[in-house]
Structures are given as C-alpha cells and as structure tokens.
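This briefing is for a reader who is new to the structure shown below. Please look over the sequence and the model before reading the points that follow.

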Amino acid sequence: MHLKLLFLCVSLIPVISAVFTAAGIRALVDGHNAFRRKIAKGQYHQKYGKFPEASNMRKIHWDRNLAQGAQAFANRHPNGHDDNCKTGENMYWMYDMGPTSHDSHAPRAIKMWGDEFISLGMVGIKTGNGVGANGHATQMAWADTSKLGCGISNWKDGKYMKTVVVCRYMSPGNWPNALMYKPGAPASRCPAGTRPDNGLCA
C-alpha cells in the first residue's frame, strides 16, 4: 500500500468566531478551478516552464462534510497538520495587526499555496519519494481531487490577530512517485461519469 506524504490528513485565548460566507466559498472553489484549468490547458508558467496539458483534471466542488471537519480542526487553533485525518489537507497561517475579513483570506491562501510552483517549481509532473516543499500546490493540482471543504479561525495572539485556514480534499493527492495528472489534450480522458467543461472534467 502506498504511503502518503505529510500533506495528507482523514482555551482561554480570545477567539473571534469565523466561517467562510457564501462569497468566500465561491472564491475558494473558483480559485482552485481557475488554477487547475490553467494547468490543464498548458497555460501555467511555473519556475521551470509550462506544465504539459492535463487530460483528466477534475473540476472541484464544495463538500459540506469536508468543510465541517476542516472548520472543527481550525477551531482548535492548530500549528501543524492533523495527522489523524484521512483526506488531503492544505493549511495557511497569517498574522495581521487587526481584525480582517474572513473571506479575504480565501484568495490569499490560494495564492500562497499555488505560488510554490513559481518560487520552487517542479521538474515534470511526478512526485518524489519524500515530502515535497511544493506539496500545497501539488495537492491543488492533483487530477483525481474533486471535492473541497475549508474552515477558518482567527484569534488574538499577543498584539496580532492570527488566522488559520484549513482546506481538505478528496480524493487526496500527493501520493509518492505518482503523476499529478495524465498528460494529454485538455479533458480528453475524463473519468467515467464526468464530461469536458472548459478544460476540466465535471
């Protein structure tokens, strides 16, 4: 059986209740799909050039169960990944001088994760044996992933407001020595039960 990378998962501190609104959820889903579609169409410029087109990149949809689990974990103010979770998981932390819009962290998290391909790059589309430093980006680009759910929490940490965003994914990505996706014409090899949708399989 394959071993997954570490990006997988199945107080008295003052806290401000936080959840993503419908607009925040749309930003998360649309942001993931825009990132995936750009890769699928061979239009994404990473550190080492363009990725090849993807033939089987699934379209992401919001999943309430994943979101509930992500929110419950975010409410614990974690400083690291949930080792007991069985899904894919991306996490983001940010410090601000004061309260911020919860939804404003949705595009910030997506950009931070996706920019790993720009700053670190990836040679080819196959993962390695160990934990990839660009593992947040590879999870976002994993073709078999079709469900997303995220949670957010923020709290007072000294003189700053600290925010955590937790996003969970099914099916999980970041399997070792595996292709992120199958290269080929966009949406030319969509899985059974899906059909082409502007470069993705929906």
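The model is predicted. Its largest nonpolar core has 35 residues, and a search of the whole structure finds 2 disulfides. The count of aromatic pairs comes to 6.

**Nonpolar cores**

- In soluble globular proteins, nonpolar side chains tend to be buried together.
- Within the largest nonpolar core, the residues that touch the most other members are I39, F51, F117, M180 and Y181.
- Helix α1 gives this core its largest share, 5 residues.
- At least two residues of the core come from each of α1, β6, α3, α5, β7 and β8.
- A second core of 7 residues is separate, and F73, M91, W155 and V166 are among its members.
- Setting aside neighbours within four places in sequence, M180 is in contact with F51, F117, M122, I125, T138, A141, W142 and A143.

**Helix α3**

- Helix α3 spans residues 105–114, and its buried residues are H105, A106, A109, I110, W113 and G114.
- Viewed down the axis of α3, these buried residues fall within an arc of 160°, so they line one face of the helix.
- An α-helix has 3.6 residues a turn, so residues three or four places apart point the same way.
- The elements that cover the buried residues of α3 include the helices α1 (22–40), α4 (116–119) and α5 (135–140).
- Strands β6 (87–96), β7 (147–157) and β8 (160–170) are also part of that cover.

**Strand β6**

- Of the 10 residues of β6, 8 are buried, so the strand is largely enclosed by the rest of the structure.
- Strand β6 pairs with β8 in the antiparallel sense, over 9 bridges.
- G88 stands opposite Y169, which belongs to β8.
- C85 is also buried, with a relative accessible area of 6%.

**Aromatic pairs**

- A pair of aromatic rings is described by the distance of the centres and the angle of the planes.
- F35 and Y44 make an edge-to-face pair, at 5.3 Å centre to centre and with 75° between the planes.
- The rings of Y44 and F117 have centres 6.1 Å apart and planes at 70°, so this pair is edge-to-face as well.
- This second pair links distant parts of the chain, since Y44 is in the loop between α1 and β3 (45–46) and F117 is in helix α4, 73 residues apart.
- F35 is buried at a relative accessible area of 9%, Y44 is buried at 8% relative accessibility, and F117 is buried at 0%.
- Ring pairs join F35, Y44, F51 and F117 into a cluster.
- Two residues of this cluster, F51 and F117, are also listed among the members of the largest core that touch the most others.

**Disulfides**

- A disulfide is a covalent bond between the sulfur atoms of two cysteines.
- The bond links distant parts of the chain, with C150 in strand β7 and C167 in strand β8, 17 residues apart.
- C150 and C167 are both buried.
- The other disulfide is formed by C190 and C201, whose sulfur atoms are 2.1 Å apart.
- For C190 and C201, the torsion about the S-S bond is about -85°, so this disulfide is left-handed.
- C190 lies in the loop between β8 and β9 (196–197) and C201 in strand β10 (residues 200–201), so the pair ties together parts that are 11 residues apart in sequence.
- C190 is partly exposed at 22% relative accessibility, whereas C201 is buried at 1%.
- With the bonded cysteines of the chain numbered in sequence order, the pairing is 1-2, 3-4.

Note on methods
Residues numbered from 1 in each chain as written. Predicted model: local features only at pLDDT ≥ 70, side-chain atom pairs only at ≥ 80, totals over all residues. Heavy atoms only, no water. Buried < 20%, exposed > 50% of the residue type's maximum accessible area, 1.4 Å probe, protein only. Helix = DSSP H or I, 4+ residues; strand = E, 2+ residues; numbered from the N terminus. Arc of directions from axis to C-beta. Contact = heavy atoms within 4.5 Å. Phe/Tyr/Trp six-rings, centres within 6.5 Å; stacked < 30°, edge-to-face > 60°. Disulfide = S-S within 2.5 Å. Pairing = 2+ DSSP bridges. Core = buried A, V, L, I, M, F, W, Y, C linked by side-chain atoms within 4.5 Å.
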